[in-house]
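Work through the exercises below with the sequence and the structure at hand.

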Amino acid sequence: MCGFPALGGCGCPQMVAKVAFWSPDEMVHRKFLRCGSGSYGLILFVGVYLGGIPLGRLVGVWISWCSFGFGGAATGDSSSMVGVVCSVGGGSVAGGEFLGRAVLGFRCFLGFGGVPERWRLVRAHGTAVGLPTDDDMGNSEVGHNALGAGRIYAQGAKLVDNALASGKIYEGEGFKYINECFEAGTFHLIGLLSDGGVHSRLDQLQLLLKGACEHGAKRIRVHILTDGRDVLDGTSLGFVQTLENDLVKLREKGVDAQIASGGGHMYVTMDRYENDWNVVKRGWEAHVLGEAPYKFRSAVEAVKKLREETNANDQYLPPFVIVHENGKPVGPIVDGDAVVTFNFRADRMVMLAKALEYEDFDKFDRVRFPKIHYAGMLQYDGELKLPSHYLVSPPEIERTSGEYLVHNGVRIFACSETVKFGHVTFFWNGNRSGYFNQEMEEYVEIPSDSGITFNVQPKMKALEIAEKARDAILGRKFHQVRVNLPNGDMVGHTGDIEATIAACKAADDAVKVILDAIEQVGGIYVVTADHGNAEDMVKRNKRGEPLLDKNGNIQILTSHTLHPVPVAIGGPGLLPGVRFCKDVPDGGLANVAATVMNLHGFEAPSDYEPTLIEVADN
């Protein structure tokens, strides 16, 4: 049975201390994984790696580091350090042509698969992370929620599905708020037009359009952001045609419904973590002001011509507006209008939400700030209460592993660069901004490169992150150090295989810096990933064979995958008897939280998903 029922079975005198959490009626056992004096450390690498494949065919991209901690004697205190590293965007597959090329950049981790008792796969997509079905790709947000919370919560898409299916979405205060503008104003919807299920889903937009009309919307404008990242590049035209057909049917029923503006979501509107406000500014100008360098009479024409004339893919289409015959925009946002951002995922909506909601705003010149009723599909930042109105309440994640540890004296350091900083903090902590206790925690954000695509600088800030982590480990101020190395996921999304190999090499070099520090403190590591991506970068048919384009070239895959991700444990501080147990065959990312807490010396709460490790009788 998994767990740590009697560490004395390892040859150590059994040491158990009860430690009260901040809740007076809740207790947790503190147990120790090392005998005698001396220090030990634990690194949890949450990342993308290999699985079910022989050495030499290893698959994965290490990108996100989530927490470290080392040091401390088995004396019953909380001085032991634990390291958590989350490598983003690499799953595990069984091999095959073109699989795993990106992992050629990895040299440091090639031995993980050789110790079966300390290496296994876990699920990182679908129902294992709270998404509606196992056909839904995982993503960094739900993945880090699961890693930090230790339990599986219904996530954005599923919450929205439930609200739409039951009709409760139209009964809430958020919808009532925007409904106040339907009689005299225009109802605007802004979001990613895709069925990828990572940020939004087309079918949810379709249902929301139908429901809004049934509840009085008379004039509707949709501002579309094309995908090509979580779905295949080139599919945006089909999504636009589908939406246009739906809007034609609404017009036949007397509703003035049109597409008003758009652009590629990586270039227009959907920036995150305040990496590049120019992205949001371009969206503001197109959606709100009705101004863009490209003007067309229809969105279908816009997507076709922009792909042909600018050679841009779906992700990076320039901003455009739809205009009347006289050249005036069909749908700028003005006083008295209602606006809904229909993405359910938070990270790439927060910046636009600030621009739409904050009267005191200085990130760019908005030119005008219309008086509107604005609501998000969900509340994108619970700490900032942003937006203040929303259609569907987000999952209420409480009692995360980080909160437990901080309230029990564990000092935590978290670090990444801008594009993934929110994952090792906000999402890890249950969609919560800020610190649990600023005296016990330190979060460090390293600014990401801006104004370029990630394949241009595939090394990103891996070395800088590693150096910060190394200093935190060797400084011994913290008991846990969380880091996120985003190279594999962010560069993998560009579809540039050679750049992704370089990205993996950079991440691997960073990992070696951290492993060297772990070695110095006698640490323990745990390595895992938050979802798949770079382990397979080609499109495939149902037989798994690579698809070719009309010129005979391999078609590149830029989206996440459905592959499981690896978890590996080890390091000089890990006792020989600690191993992965066999009675959690369907484990997922949520099981990692209890595992980390055990390696910190705590027994996880009873409602957490069970730990993945046990202590052998011998």
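This is a predicted model: local features need pLDDT of at least 70, side-chain atom pairs count only at pLDDT 80 or more; totals for chains, interfaces and linings use all residues.

Residues are numbered from 1 along each chain as its sequence is written, and side-chain values use heavy atoms, with hydrogens and water left out.

**Exercise 1.** Determine how the axes of H4 and H5 are arranged and which residues meet.

Solution. Step 1: Two packed helices are described by the angle between their axes and the distance between the axes. Helices (H or I, at least four residues) and strands (E, at least two) are DSSP runs, numbered from the N terminus. Axes are lines fitted to C-alpha atoms, for helices over the stretch in contact, with angles from 0 to 180 degrees between N-to-C directions.

Step 1: The axes of H4 (residues 202-214) and H5 (residues 236-252) come within 11 Å and cross at roughly 15°. Angles under 35 degrees count as roughly parallel, over 145 as roughly antiparallel, 65 to 115 as roughly perpendicular and the rest as oblique. H4 and H5 are therefore roughly parallel to each other.

Step 2: Contact means heavy atoms within 4.5 Å. On the H4 side, Leu-202, Leu-205, Gln-206, Leu-209 and Cys-213 take part; their partners in H5 include Phe-239, Thr-242 and Leu-243.

**Exercise 2.** Describe the arrangement of H11 and H13.

Solution. Step 1: The axes of H11 (residues 462-475) and H13 (residues 497-521) come within 8 Å, crossing at roughly 5°.
Step 1: H11 and H13 are therefore roughly parallel to each other.
Step 2: Among the residues in contact are Ala-462, Leu-463 and Ala-466 of H11, together with Ala-506, Ala-507 and Ala-510 of H13.

**Exercise 3.** Is Val-340 buried or exposed, and which residues does Val-340 touch?

Solution. Step 1: Buried means under 20% relative accessible area, exposed over 50%, partly exposed in between (1.4 Å probe, protein chains only).
Step 1: Val-340 is found in strand E12 (residues 338-341). Its relative accessible area is 0%, so Val-340 is buried.
Step 2: Not counting residues up to four places away in sequence, Val-340 touches Ile-178, Phe-187, His-188, Leu-189, Ile-190, Leu-208, Ala-375 and Leu-391.
Step 3: Gly-174 is 166 residues from Val-340 along the chain, and their C-alpha atoms are separated by 9.7 Å.

**Exercise 4.** How many residues of H6 are buried, and what covers them?

Solution. Step 1: In H6 (residues 277-289), 10 of the 13 residues are buried. They include Trp-277, Trp-284 and Leu-289.
Step 1: The cover over these buried residues includes strands E7 (187-192), E8 (219-226) and E9 (256-264), as well as E11 and H8.

**Exercise 5.** Examine the backbone at Pro-387, Asn-311 and Val-367.

Solution. Step 1: Most residues other than glycine have a negative phi, and most peptide bonds are trans.
Step 1: The peptide bond from Leu-386 to Pro-387 is cis, with omega near -10°. Pro-387 lies in the loop between strands E13 (373-378) and E14 (390-392).
Step 2: Asn-311 has a positive phi, near 60°. Asn-311 belongs to the loop between helix H7 (299-310) and strand E11 (320-322), and is exposed, with a relative accessible area of 69%.
Step 3: Val-367 has a positive phi of about 70°. Its loop runs between helix H8 (350-357) and E13, and Val-367 is exposed at 62% relative accessible area.
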